[in-house]
Structures are given as C-alpha cells and as structure tokens.
Amino acid sequence: MMKMHWVGAAVLLAMYASNSWAFDLNDVARQAKSLADKSYEAPKSNLPSQFRDMKFADYQKIQFRQDKTYWGKLRTPFKLEFYPEGMYFDLPVKLNEVTASSVREIKYSPDYFNFSNVQADADSVKNLGFAGFKVLYPLNSKNKQDEITSFLGASYFRVVGAGQVYGLSARGLAIDTALPSGEEFPRFKEFWIERPKPQDKQLVIYALLDSPRATGAYRFVLHPGKETTVDVRSKIYLRDTVGKLGIAPLTSMFLFGANQPSPAMNYRNELHDSDGLSIHNGNGEWIWRPLNNPKRLAVSSYSLENPKGFGLLQRNRDFSHYQDLDDRYDLRPSGWVEPLGNWGKGHVELVEIPTNDETNDNIVAFWSPEKMPETGKASDFNYRLHFTGNESQLHTPDVAWVKDTLRSAGDVRQSNLVRQPDGSIAFIVDFTGQAMSKLPQDTQVSPQVSIGDNGDVVEQSVRYNPVTKGWRLILRLKVKDPKKTTEMRAALVSGDKTLTETWSYQLPANE
C-alpha cells in the first residue's frame with residue numbers, strides 16, 4: 001500500500017510540472033485496474049470495542065459539529081458533513097477534495113464531532129476514521145441546507161429530491177445476491193469530491209470500489225431538484241469469476257401493503273419504501289410487478305435486451321394509506337435506472353427476502369448481463385438514476401399503468417344479495433393513464449390474463465372506474481397448491497391495441 005501511495009504522488013507531481021492538471025474517471029480507473037491485477041487485501045478494522053458494540057441509537061448520538069461543516073465558509077451551494085466510524089460501520093474510508101489544481105486528503109479529526117453524548121475517552125476517538133459523508137444543499141428553501149445524499153456503508157448511497165425523505169438506497173455493485181454461496185458486498189474505499197464553484201448546480205463525486213472478486217471506478221454527477229438525478233459512469237473490473245453480477249442495484253423495504261395486508265392488526269394499511277418493480281423493456285413493453293414480503297426467499301427474473309429503464313417505485317402517494325407521521329412513507333422517493341447506451345442481453349432480477357419488521361431492507365433489484373465481463377478487462381456501464389415522487393412522468397402517456405393492486409378473499413353475490421366466500425383469491429387491479437383517461441366510458445375494453453399451472457381463473461372482468469377515469473380488472477383464481485407460488489399476468493386491450501402495461505404478479509407460497 002505504501003508503494004502505491006508514492007507512485008501516485010509521483011504521477012501527481014509530474015502532472016503539476018506539466019501544468020496539465022486534471023482529475024477524471026480515468027485516474028480512478030487506473031487504481032481500480034491496479035487493484036484488480038493483484039490479490040485482494042481484506043481491510044482491517046481499527047474500531048475499538050466500545051464503538052463496535054454500540055447500538056444504533058448510541059451511534060446517532062455522535063453529532064457532527066455545525067461549525068465544522070466542510071466548505072461552510074465558502075460561497076459554494078454544496079456543503080459536506082462526515083460520519084465517524086462506529087457500530088457496523090467499522091472500516092475507514094479515505095476522503096479527498098479535488099480542486100482545479102490539486103487533490104488533497106480530507107483528514108479525519110475528532111474535532112469534527114461532538115462525542116459528549118456517548119461514553120468515549122479521548123484516546124479511543126483520536127484514531128477513528130470517516131465511515132462516509134453526506135452532502136447538504138438548499139433544496140427546499142434558499143435559507144436552509146438540506147441533506148440530499150449520503151454515502152455510508154459498503155457501496156450504498158441514498159438520494160432525495162425536493163419534499164422527499166430518505167427511503168430506498170442505490171448501490172455501486174451487487175455480487176452473488178441470493179445465491180447459496182452467500183452475497184459479496186463490495187465497498188467504496190476512497191472518494192474524491194470536486195469542490196464546486198459558487199454558481200455550480202451539480203456536484204461531482206468519484207469513488208473507488210473494491211471487493212474480493214471485483215474492483216470499480218465510478219463518477220457520480222449529482223443534480224439536485226424536484227426530481228434529483230445522478231449521472232453514473234462506471235468501469236468494472238473482475239478479479240475472478242462471479243456467479244451473478246448486479247449492475248445499478250437498488251435496495252428497498254416492503255413489509256406489507258394493499259396486495260399483501262399485515263397479518264396483525266395495524267392502523268397503517270401499508271408499510272414500505274417501494275410498492276413495485278417497474279420495467280421498460282427494449283421492445284417497448286412496460287411491466288409492473290407488485291412487491292411481496294414472502295415467507296421464504298423469492299427470486300424473479302425478467303429477460304430482455306437493451307433495457308430502457310427499471311426501478312423500484314413508490315406509486316402510492318396517498319398519506320391515508322400509511323398514516324405514519326414519523327416515517328412518512330408517502331414521501332419516500334422512487335428510484336429509476338435509465339441506462340445510457342445499449343446494455344445488450346441480460347435480465348432484471350428481483351430478490352424478495354422475508355422480514356418481520358421495517359428495519360430490514362428486504363428488496364433488491366438490479367440488471368445482470370447475460371455475458372459476464374472478462375476477468376481483468378474494463379466493462380463500462382453508464383446510467384442515470386432518477387429519485388422522483390412523480391411516477392407518472394416516467395411512463396409514456398399512451399400506456400396506462402397500474403395505480404393499485406388490491407387483494408381480497410374472493411366471494412360471490414347470492415340471490416339474497418349477501419356475498420359469500422367461495423374459496424377463491426381476488427385481485428382488483430386499477431389501471432389509469434393520460435391517454436386512457438380520454439377514452440369514452442363505453443369503450444370496449446377486454447382483459448388478457450394468463451395464470452401459471454398452479455391456479456385456475458374463475459373470473460376475469462373489466463369495468464370503467466369513474467373515480468380514476470381508468471378501468472378496473474377483477475381477477476379471481478383458485479390456487480391448487482398453497483405451498484407453491486402462483487404466477488399471473490394481465491393487461492387490458494381494446495381491439496388489437498394494448499392499452500396498458502403488463503401486470504405481473506407472483507402470489508407467494510402460503511407456508
């Protein structure tokens with residue numbers, strides 16, 4: 001490691017001497033390639049036991065000192081604050097500031113933090129390091145700095161737009177997610193943050209990723225706004241073969257919702273950061289897959305070529321469905337991945353993990369290429385991340401989308417008008433959209449439904465919904481074996497024209 005440090009310093013000095021200084025993704029890529037050509041060196045934690053064993057509530061008591069805000073005295077609209085090591089954030093990350101003429105390490109100091117609320121002596125905090133950082137920006141008001149992004153833990157980062165609160169996370173890379181061999185979690189070990197000019201409305205961040213079987217170089221360009229976007233350029237190098245490579249992974253939480261009500265009585269009808277996976281296929285098809293909290297690990301795969309986009313969305317924005325004044329799930333952002341360039345053949349994978357509470361992120365979605373990158377050679381994946389609260393703008397206006405998926409016990413109205421359960425399961429799916437809302441109410445709309453071999457359809461009907469100005473599909477089915485999952489797909493058509501995205505649902509096994 002010391003040898004690499006001096007080689008890097010020599011390169012920097014040579015660039016200064018030639019007056020051609022510039023720092024870009026290639027500088028990080030050279031380090032990533034150098035790491036990939038060598039055996040992996042596992043980082044060692046420098047964390048004292050009293051910090052390693054602390055609870056999350058204790059970690060939160062360590063406060064960043066407001067008078068130490070980085071760039072706080074500069075006229076740049078962006079400011080930085082840092083996270084100290086602690087708890088399971090037990091590995092230090094190196095932070096650097098990039099200016100027009102130099103790269104300078106931002107060195108850790110306990111003076112950045114107020115440790116008075118935790119039991120810690122001066123020696124124990126002196127040799128800690130940074131666990132990550134956050135970015136502040138006047139997003140909702142010109143007079144207030146809001147936290148708009150946070151890089152903390154492995155390769156995780158969270159981003160919000162105006163009026164939003166943190167929800168789902170993005171990641172740099174996922175390796176072997178949901179494989180029996182166990183998941184490998186690459187980590188960003190070093191960052192370079194460009195000092196912005198006073199008039200800048202974007203922030204540039206570089207990151208070096210490392211793990212036992214992969215390295216990577218990343219460039220993030222953060223554009224804050226009502227919809228905050230992050231332009232990502234990445235160069236991935238594999239040290240060794242991997243079973244599954246996850247590009248542009250998103251991680252979220254789904255505990256219960258309208259399609260899978262809470263098993264215990266709860267005043268909140270829904271509790272989730274995201275309620276579905278949306279996919280825009282390269283052939284133009286839109287797919288909506290409502291999320292589940294299954295009783296056993298579930299993996300769903302959607303094969304496609306050159307995807308136009310995919311994401312974990314929070315389509316339901318109605319506060320009355322959540323009734324949570326503390327966590328405001330109605331304000332959690334949707335995360336949408338827009339590939340830049342052709343990604344070729346592969347699949348979007350959805351992983352759903354059982355969880356009993358909302359503190360565990362149990363949903364993962366990512367792109368996995370059909371052809372695995374060659375070991376030691378760079379693979380470029382460029383994309384734009386959208387963090388939005390206006391999901392309808394993600395969709396083409398002529399394709400209606402699923403507003404609600406409601407699940408119920410199926411029943412049949414008797415001659416005495418009383419509804420009697422008939423052993424079926426009912427799904428009520430409301431489709432709405434800009435073009436659909438302009439159709440006459442008497443338009444002939446028909447369902448196209450397919451069910452896997454574990455279920456039989458007993459009803460499929462469509463009716464106009466005057467409230468949403470869309471159409472409602474009522475689907476009832478009888479499950480053959482409740483211990484098995486049941487796959488189903490549905491769309492609405494008028495004549496030979498498909499009006500809607502494809503509703504794709506997996507009814508979890510009931511065991």
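These notebook entries record what I looked up in a predicted model.

**Basis.** I number residues from 1 along each chain as its sequence is written. The model is predicted, with local features needing pLDDT of at least 70 and side-chain atom pairs pLDDT 80 or more, while totals for chains, interfaces and linings use all residues, and side-chain values use heavy atoms, without hydrogens and water.

Helices (H or I, at least four residues) and strands (E, at least two) are DSSP runs, numbered from the N terminus.

**Strand 25.** I looked up residues 379–388 and noted that seven of the 10 residues are buried, so strand 25 is largely enclosed by the rest of the structure. Buried means under 20% relative accessible area, exposed over 50%, and partly exposed in between (1.4 Å probe, protein chains only).

**Its partners.** Strand 14 (residues 228–238) pairs with strand 25 in the antiparallel sense over nine bridges; pairing requires at least two DSSP bridges between two strands. Here I noted Arg384 of strand 25 as the bridge partner of Asp231. Strand 22 (residues 334–339) is also antiparallel to strand 25, over six bridges, and Val337 stands opposite Leu385 of strand 25.

**Leu297.** I located Leu297 in the loop between strand 19 (286–290) and strand 20 (298–305). Leu297 counts as partly exposed because its relative accessibility is 45%.
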